[in-house]
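Q: I am new to this structure and would like to go through a few parts of it. Could we look at it together?

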Amino acid sequence: MTERPILMFDSGIGGLTVLREARVLMPDRRFIYVADDAAFPYGAWEEPALRTHILELFAKLLDRFTPAISVIACNTASTLVIDALRERFPEHPFVGMVPAIKPAAERTRSGLVSVLATPGTVKRQYTRDLISKWAQKCHVRLVGSDNLAGLAEIYMREGFVDEEAVRAEIAPCFVEHDALRTDIVVLACTHYPFLANRMRKTAPWPVDWLDPAEAIARRALSLLADIDPTSRGEMLPEGPDLAVFTSKRTDFPTRRLMQGFGLAMS
């Protein structure tokens, strides 16, 4: 018998970057990875419809898997619906993932920071509020990429990506002003770290690519430590870590990728 699992949620395979870090910190925990690929990409949705969709989906996921906590390993979903999830399911702990603007503002030397995100994350008031709160002394450029998440999905499944396409997507992040240059790019989408090596290769100059995956995993670990052991609920039979795709359709490269991450298909 084992404790209830940790549910890791994303619109696609990007949340695997957070799962990777979480497993390092919590090697004895069981994980359920949920990819809402039936609704991918989230950026194509109108906000009210997407909010309703995610809330309804989580009602089913929490009932099916009874996780100890849920990690929303998706900036687009977190900036839109994390507060609504906490309101709808007040007894269940959620860990959200928002752009790492505060640490970027603390680390930058040039004062020029770019946030590379999906268009949905870029347009959220939540993101602009983070800048107002934590980065008033910086120049923060918000860069919404239409294609980078899709390129990451292709790369992870097929092992190849068009480097010129990557270069075009990241180019707006690089700013020169008064002999200063952008020195930090916040990766505000969990898909993007999969392309970090290609970004470094195609970037016009070196920058610090800020990936918050480890920080999110540490937050999940601390939240688990705060949960009263007597209130964890039913102990479930031990089993493999699972991958759940909401479309219920996965091709061979995707199944191979999940197997490589030690996930059994559900």
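Q: Where is Asn75 found?
A: Asn75 is found in helix α3. Please note that this is a predicted model.

Q: Is Asn75 buried or exposed?
A: Asn75 has a relative accessible area of 2%. Buried means under 20%, so Asn75 counts as buried.

Q: What does the side chain of Asn75 reach?
A: The side chain of Asn75 reaches the backbone oxygen of Ala188, at a distance of 3.1 Å.

Q: And which residues is Asn75 in contact with, leaving aside its neighbours within four places in sequence?
A: With those neighbours set aside, Asn75 is in contact with Met97, Val98, Pro99, Thr121, Ala188, Cys189 and Thr190.

Q: Staying with α3, at what angle do the axes of α2 and α3 cross?
A: The axes of helix α2, residues 47–65, and helix α3, residues 75–88, cross at roughly 50° and come within 10 Å. The two helices are therefore oblique to each other.

Q: Is that crossing of α2 and α3 left-handed or right-handed?
A: The crossing of α2 and α3 is right-handed.

Q: Which residues make the contact?
A: From α2, the contact is made by Glu47, Leu50, Arg51, Ile54, Leu55, Phe58 and Ala59. From α3, Ala77, Leu80, Val81, Ala84, Leu85 and Arg88 take part.

Q: New topic: which residues of helix α7 are buried?
A: Helix α7 spans residues 148–158, and Leu148, Ala149, Leu151, Ala152, Glu153 and Arg157 are buried there.

Q: What covers the buried residues of α7?
A: The cover includes the strands β5 (112–117) and β11 (242–245). It also includes the helices α8 (163–170), α9 (196–202) and α11 (252–260).

Q: Which residue follows α7?
A: Gly159 follows α7, and the phi of Gly159 is positive, near 75°.

Q: What about the loop between α7 and α8, where Asp162 has its place? How accessible is Asp162?
A: Asp162, in that loop, has a relative accessibility of 41% and counts as partly exposed.

Q: What lies 3.0 Å from a polar atom of the side chain of Asp162?
A: That is the backbone nitrogen of Glu164.

Q: Cys189 came up with Asn75. What separation do the C-alpha atoms of Asp162 and Cys189 have?
A: The C-alpha atoms of Asp162 and Cys189 are separated by 19 Å, and the two residues are 27 residues apart along the chain.

Notes
Residues are numbered from 1 along each chain as its sequence is written. This is a predicted model: local features need pLDDT of at least 70, side-chain atom pairs count only at pLDDT 80 or more; totals for chains, interfaces and linings use all residues. Side-chain values use heavy atoms; hydrogens and water are left out. Axes are lines fitted to C-alpha atoms, for helices over the stretch in contact, and angles run from 0 to 180 degrees between N-to-C directions. Helices (H or I, at least four residues) and strands (E, at least two) are DSSP runs, numbered from the N terminus. Angles under 35 degrees count as roughly parallel, over 145 as roughly antiparallel, 65 to 115 as roughly perpendicular and the rest as oblique. A crossing is left-handed if the near helix is turned anticlockwise from the far one by less than a right angle, and right-handed if clockwise. Contact means heavy atoms within 4.5 Å. Buried means under 20% relative accessible area, exposed over 50%, partly exposed in between (1.4 Å probe, protein chains only). A polar contact is a pair of N or O atoms within 3.5 Å; within protein, one must be able to donate a hydrogen and the other to accept it, and residues adjacent in sequence count only if both atoms are side-chain atoms.
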